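We will begin with the whole chain and then zoom in on one residue.

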Amino acid sequence: MSISFPLEEEKVLKYWQDIDAFQTCLRQSKGKPEFSFYDGPPFATGLPHYGHILTGTIKDVITRYAHQQGFHVERRFGWDCHGLPVEHEIDKTLKIKGPDDVTTMGIGKYNAECRKIVMTYSKEWEMTMTRLGRWVDFKNDYKTLDPSFMESVWWVFKQLYLKGLVYQGDKIMPYCITCHTPLSNFESTQNYKDVVDVAVTVSFPLVDSEDDTSLLVWTTTPWTLPSNLAVCVSPDLIYVKFELCGSGKSYIVLESRLSTLFSSGGDYSILGTFPGEKLKGLRYQPPFGYFGHLKGFQVLTDDYVTDQSGTGIVHLAPYFGEDDHRVCLAAGIITKDQEPVCPIDSSGRFIQPAVDFEGLFVKNADKKIIANLKSRGILIQQSQIKHSYPFCWRSDTPLIYRSVPSWFIRVEHMSKDLQESISGTNWVPEHIKVGRFGNWLRDVKDWAVSRNRYWGTPIPLWTSPNLEEIICVGSTAELEELTGTKITDLHREMIDHLEIPSKIPNNPPLRRVPEVFDCWFESGSMPYAQKHYPFENLVEFEKCFPADFIAEGVDQTRGWFY
């Protein structure tokens with residue numbers, strides 16, 4: 001007997017369509033107990049892939065079963081409409097190279113172009129999901145660009161703000177000095193190239209050393225040395241103190257790297273060996289004194305230091321490297337809310353107080369920095385290293401890592417509460433609960449929720465220039481009352497120009513901060529925002545919060561679920 005299964009499936013789909021099967025089921029189950037299901041919003045700027053099809057099938061099976069067990073199951077589709085994937089496409093199409101191009105074009109026109117492509121493949125999505133037999137409501141979908149959705153995102157953020165969980169700090173990010181903008185980690189991986197960079201070994205004299213001992217510090221970014229605040233060693237690896245024959249000077253370096261640095265064994269004599277932990281707390285003289293008034297300039301320990309390259313003693317410039325920032329923050333060398341030690345401008349040129357290199361582009365300053373070190377007798381070695389390095393996908397210029405002012409949500413203090421919140425949930429597979437996600441929550445870091453972009457939900461903070469006066473707006477009505485302006489849309493082009501009068505006499509009006517939300521914050525607000533809570537649907541929201549069921553790819557554990 002010959003049968004075409006695809007043809008039979010199409011017959012079934014046609015029958016379901018004729019009798020309006022899905023909507024009829026929803027009408028029949030109205031008023032029954034709710035089985036709450038949240039559908040994670042994909043971007044419609046790309047076609048559905050295997051991962052979407054797999055999770056979509058699981059979603060369909062479980063929700064059908066719940067319906068057949070006597071529950072009402074709203075299966076509402078949603079769309080992630082803001083963020084990098086959309087801007088990325090527009091930048092490629094319009095050959096946008098950076099913020100200056102957007103300013104010239106105008107944020108309104110730029111966002112209008114983004115809006116045009118948001119739903120590019122929505123029909124293909126609906127066709128594919130329908131062809132797979134999935135019952136899901138595309139007509140009653142939610143979109144993160146809808147003003148009602150955005151207003152609920154504002155409300156969520158204000159609740160966090162009122163709890164004292166919002167603050168401005170610094171995040172170390174890949175930064176393009178040509179485009180004058182930070183890039184996401186996704187963007188920074190788009191354009192790696194093999195390059196040859198200079199590497200230097202510099203002596204950092206120990207303070208109060210009786211025998212003129214120095215630490216040997218290695219770096220491939222000499223331009224960060226003026227911003228040095230600490231050095232780091234491995235607590236468990238073995239270090240060695242040695243004397244260069246005939247020099248009267250002794251140095252400390254990782255034992256396993258000594259023969260690489262000084263290939264001729266007769267050039268030195270060993271004075272002693274010890275684990276890196278013994279070096280912790282030793283103080284040294286930094287290579288430059290621009291920030292000598294700050295505390296620091298001591299040896300720290302951390303396991304991220306390895307024996308694979310360099311000297312085993314790592315120079316730390318906490319506002320130019322993620323590990324540097326993490327280690328210095330943990331040791332109290334810096335604080336979250338202090339003024340960044342970052343003597344370069346948005347174009348990557350040195351500024352005050354780095355007077356010796358003022359005006360120089362950082363990469364071009366390497367030669368002058370090295371000459372300076374050499375003239376003072378603290379340059380021990382200079383070499384070259386070939387390695388893979390990230391370049392900006394827009395401008396094709398090398399990226400640097402630097403501090404960027406960001407708005408954060410405090411979460412580190414609630415790590416135990418977060419872990420307890422997942423204790424009553426069931427996971428498939430179970431090990432994700434205590435493994436991938438559990439570990440993430442145990443080591444949780446404050447969440448940087450701001451992005452220096454255009455097509456997104458604006459962060460609703462109006463501030464004075466010095467941030468001493470801040471108003472967090474939680475609704476459209478509140479913004480209308482504060483500004484005396486009728487609001488129809490919450491995107492940047494509609495509200496950036498609005499000012500809120502200061503409550504302090506003779507002070508200038510408050511202006512909105514320029515950042516927008518990371519789109520993870522938007523999609524994470526989906527349980528509230530899809531219902532426009534708390535502005536309407538209060539009863540409906542209470543019935544379906546929190547969700548009974550979610551099915552997504554494992555990557556969502558550290559994105560949407562978080």
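**The whole chain**

Colour by secondary structure: the protein chain holds 20 helices and 21 strands, where helices (H or I, at least four residues) and strands (E, at least two) are DSSP runs numbered from the N terminus. This is a predicted model, in which local features need pLDDT of at least 70, side-chain atom pairs count only at pLDDT 80 or more, and totals for chains, interfaces and linings use all residues. Residues are numbered from 1 along each chain as its sequence is written, and side-chain values use heavy atoms, with hydrogens and water left out.

Now show the C-alpha trace, which spans about 95 × 75 × 45 Å along its principal axes. Of the 562 residues in the chain, 49% are buried (under 20% relative accessible area, with a 1.4 Å probe and protein chains only). Contacts (heavy atoms within 4.5 Å) are next: among those between residues at least 6 apart in sequence, 74% join residues at least 24 apart.

**Zooming in on T483**

Select residues 476-483, which form helix α16, and find T483 there. Is T483 buried or exposed? T483 counts as buried because its relative accessibility is 18%.

Show the side chain of T483 next and pick the backbone oxygen of L479: a polar atom of that side chain lies 2.7 Å from this oxygen.

Technical notes:
Buried means under 20% relative accessible area, exposed over 50%, partly exposed in between (1.4 Å probe, protein chains only). A polar contact is a pair of N or O atoms within 3.5 Å; within protein, one must be able to donate a hydrogen and the other to accept it, and residues adjacent in sequence count only if both atoms are side-chain atoms.
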